[in-house]
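Welcome! Take a moment to look over the protein below, and then read the short briefing on its overall build and its charged pairs.

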Amino acid sequence: MLLNFIRSLAAALILATAAPATAETGSGFPQIVGTWHGTYLVGFAKSNPNHEKGLLKTEMELEITKLDGNLITATNRWRRIGDTDWIVEEAMGTFSLDDPTRFVLAEAGISGEDVSAGIFNGVYLDDVIMVTYAGPGTGVAFAAQLVKKKDEQ
């Protein structure tokens, strides 16, 4: 009986002194909130109206706006190099539960004529986000390496 009391007391003491884990901070997952930037080449399937343009150099800003436990809320802005207007697409995703450095984002276009819906598969490693993207409905694919914008580091 005394042993059970000591165990209960020890468990209560550990819980009382442990740092609180909250869903708001994405506890236990990489803290990737911020704006990530990179350039990449994008390719298009033959059925895509952009196919004849060949590979296009593009830039993107992936803004991770919120972590809720393993859930990720993001906004993706991208444009072809030389363009001034950004195409904006919203995304919701999740970190993998078996490898907290990996995540997926499901994206839905909200502005512009060139929007698409697709999936980002990402990994956060050594302060870099690496993503591959597939837009099956429009036949778009690319891979990009993103770094956090300097004004947010």
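Here is a short tour, from the whole chain to single side chains.

This is a predicted model, in which local features need pLDDT of at least 70, side-chain atom pairs count only at pLDDT 80 or more, and totals for chains, interfaces and linings use all residues. Residues are numbered from 1 along each chain as its sequence is written, and side-chain values use heavy atoms, leaving out hydrogens and water.

**Overall build**
- The protein chain has 1 helix and 8 strands (DSSP runs numbered from the N terminus: H or I of at least four residues for helices, E of at least two for strands).
- From the N terminus on, the order is α-β-β-β-β-β-β-β-β.
- Of the 153 residues, 36% count as buried (under 20% relative accessible area; exposed is over 50% and partly exposed in between, with a 1.4 Å probe and protein chains only).

**Salt bridges**
- Side chains of opposite charge can pair when their charged atoms come close.
- The whole structure holds 6 salt bridges (a side-chain nitrogen of Lys or Arg within 4 Å of a carboxyl oxygen of Asp or Glu).
- One of them joins Glu-63 and Arg-77, at 3.0 Å from N to O.
- Glu-63 sits in strand β2 (residues 56–68) and Arg-77 in strand β3 (residues 71–80), so this pair ties together parts 14 residues apart in sequence.
- Glu-63 is partly exposed at 26% relative accessibility, whereas Arg-77 is buried at 18%.
- Glu-61, Glu-63, Arg-77 and Lys-149 are linked in a salt-bridge network.
- Asp-68 and Lys-66 also pair, at 3.5 Å from N to O.
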